[in-house]
Amino acid sequence: MKLNTNYDKLQNSYLFVEIANRVKKYTAENPAADIIRLGIGDVTRPLAPCVVEAGLKAMSEMGKAETFRGYSPDSQGYDFLRNAISAYYASFGVKVGAEEVHVSDGAKSDCGNIVDMFDADNTVLIPDPVYPVYFDSNIMSGRKVIFCDATEENDFAPLPDDNTDCDIIYLCSPNNPTGSAYTFAQLKKWVDFANARGAIIIYDAAYEAFVTDPDVPRSIFAVDGARTCAVELCSFSKTAGFTGTRCGYTVVPNELCGGRLAKMWARRQSTKFNGTSYIQQRMAEAAYSEEGIKQNLENIRAYQKNAKLISDTFAEMGIYHTGGKNSPYIWLKCNGDSWDFFDKLLTQANVVGTPGSGFGKNGEGFFRLTAFNTYEKTEEAMRRIKKVLS
Ligand code: PLP
């Protein structure tokens with residue numbers, strides 16, 4: 001037996017462990033410290049009432065012989081949910097057929113699994129800084145990864161370079177960790193670049209619900225030409241607070257790779273995945289109902305209000321940052337070592353954020369704050385940070 005030695009090439013994923021250790025040590029030494037957490041990208045507001053109601057109803061169906069359900073008939077997802085997702089896209093003017101939607105237990109699983117579709121002999125282009133799953137999942141399967149630099153010079157929204165040779169491109173917009181978001185015109189450049197090379201874009205739209213700017217597409221399929229070069233990963237996690245509930249989906253257009261990719265993905269999923277639970281799918285359906293969208297928007301608006309407050313605070317201090325608009329993340333310049341900045345905020349302001357260096361080499365000198373807390377705590381955190389930095 002030989003182990004997959006590609007795993008030896010992975011860096012230890014110590015970022016959030018190290019953050020937790022530093023916070024634990026500090027609070028042990030300073031038990032009275034009132035710590036405000038603006039670090040981890042997890043939602044804090046409860047599920048929308050109509051989602052809870054749908055979950056309870058589905059659970060009660062499972063408790064009656066006449067309505068009990070076992071394995072779902074199709075690992076691609078129940079029709080009711082795939083139709084709801086198709087209607088959701090239509091609500092912002094994007095045409096996606098229900099048969100093109102593949103329901104899963106979250107975007108992270110799809111992101112990690114989609115690499116199965118591609119030969120090991122492909123070059124993968126990944127922006128730096130990056131959501132680490134794109135990089136790690138390709139290293140695990142032995143692929144060559146190259147980076148495109150997201151920096152202050154391009155406002156952390158890098159564009160394609162015609163001299164770059166690549167087959168698979170990962171894009172995330174609105175972006176985690178930088179909060180930057182591509183405009184229609186910028187995304188069109190990537191779509192044209194991919195189509196010209198026969199490359200594929202794996203587009204992560206997990207934060208699409210945060211888009212407010214009319215110039216910023218909520219889906220890559222809002223861009224002409226994307227259906228021949230892109231798959232889109234999306235999630236109920238940030239749109240509807242499903243981080244603990246688990247439901248996501250991938251859209252594979254019918255025409256991509258002459259229809260082969262959709263067939264391959266369905267084949268892969270039906271072999272290695274037995275579908276997302278009926279209860280979760282009913283909850284997800286409710287999240288994309290008219291009432292659900294309205295109720296979830298209240299949560300999104302609350303996070304957006306926090307994001308604006310954080311962004312306004314740094315603008316007022318004259319500190320360069322991206323995000324805050326179209327995104328729950330604010331990516332700010334901290335000048336110097338991002339772990340030193342972490343320690344400074346932790347010990348002097350009792351605020352926890354995430355050092356940018358944990359997301360790639362271009363993250364050094366930057367720091368991520370998130371809007372996933374209450375307005376009152378965010379306000380207090382900004383008051384303390386202003387005091388420490390001015
Ligand atoms: N994609 C991005 C860019 C994310 O930031 C996250 C979660 O933080 C995910 C995907 C994971 O989504 P899910 O909870 O659906 O697995």
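**Reading Exposure, Cores and Voids in a Predicted Model**

Trainee: Is Asn335 buried or exposed?

Mentor: Asn335 is exposed, its relative accessible area being 62%. The terms rest on relative accessible area, computed with a 1.4 Å probe on protein chains only: buried is under 20%, exposed is over 50%, and partly exposed lies in between. The model is predicted, so local features need pLDDT of at least 70 and side-chain atom pairs count only at pLDDT 80 or more, whereas totals for chains, interfaces and linings use all residues. Residues are numbered from 1 along each chain as its sequence is written, and side-chain values use heavy atoms, with hydrogens and water left out.

Trainee: Where is Asn335 found, and what is its phi?

Mentor: Asn335 is in the loop between β10 (329-333) and α11 (338-349). Such elements are DSSP runs numbered from the N terminus: helices are H or I of at least four residues, and strands are E of at least two. The phi of Asn335 is near 50°, a positive value in a residue other than glycine. Arg246, also not a glycine, has a positive phi of about 75°. Arg246 sits in the loop between α7 and β8 (248-251) and is partly exposed, at 29% relative accessibility.

Trainee: Which peptide bonds are cis, and where do their prolines lie?

Mentor: A cis bond joins Asp128 to Pro129, with omega about 5°; Pro129 lies in the loop between β3 (123-128) and α5. The bond from Asn176 to Pro177 is also cis, with omega near 20°, and Pro177 belongs to the loop between β5 and α6 (184-197).

Trainee: How many residues does the largest nonpolar core have?

Mentor: A nonpolar core is a set of buried Ala, Val, Leu, Ile, Met, Phe, Trp, Tyr and Cys residues joined through side-chain atoms within 4.5 Å. The largest one here has 96 residues, and Ile169, Ile201, Phe236 and Tyr249 have the most contacts inside it. This core takes at least three residues from each of domain 1 (11-40 + 292-389) and domain 2 (49-290), where the bounds come from an automatic or database domain assignment. Apart from this core lies another, of 25 residues, including Leu10, Ile114, Val124 and Ile126.

Trainee: How many disulfides does a search of the whole structure find?

Mentor: A disulfide is a covalent bond between the sulfur atoms of two cysteines. It is identified as a pair of cysteine sulfur atoms within 2.5 Å. The search of the whole structure finds 0. For Cys166, the closest cysteine sulfur is that of Cys148, 8.7 Å away, which is too far for a bond. Cys166 is buried, with 2% relative accessible area, and Cys334 is buried at 9%.

Trainee: What is the volume of the largest pocket, and which residues lie nearest its centre?

Mentor: Pockets and cavities are found on a 1 Å grid over the protein atoms alone: a cavity is a set of points where a 1.4 Å probe fits but cannot get out, a pocket is an open set with protein on both sides within 12 Å along at least five of seven lines, and lining residues have an atom within 4 Å of a point. Points are joined across faces, edges and corners, and a volume is the space filled by probe spheres set on them. The largest pocket has a volume of about 1200 Å³. Its lining has 39 residues, with Phe16, Tyr131, Pro132, Val133 and Phe359 nearest the centre. Helix α5 gives the largest share of this lining, 5 residues, and the lining draws at least three residues from each of domain 1 and domain 2.

Trainee: How many residues of each class are in the lining of the largest pocket?

Mentor: Ala, Val, Leu, Ile, Met, Phe, Trp, Tyr, Cys and Pro count as nonpolar, Asp, Glu, Lys and Arg as charged, and the others, Gly among them, as polar. The lining of the largest pocket has 18 nonpolar, 12 polar and 9 charged residues.

Trainee: How many cavities of 30 Å³ or more are counted?

Mentor: The count is 2. The largest cavity has a volume of about 100 Å³, and its 15 lining residues include Pro127, Phe156, Cys172, Asn175 and Tyr182, which lie nearest its centre. The classes in this lining are 11 nonpolar, 4 polar and no charged residues. The second largest cavity has a volume of about 50 Å³, and α10 supplies the largest share of its lining, 4 residues.
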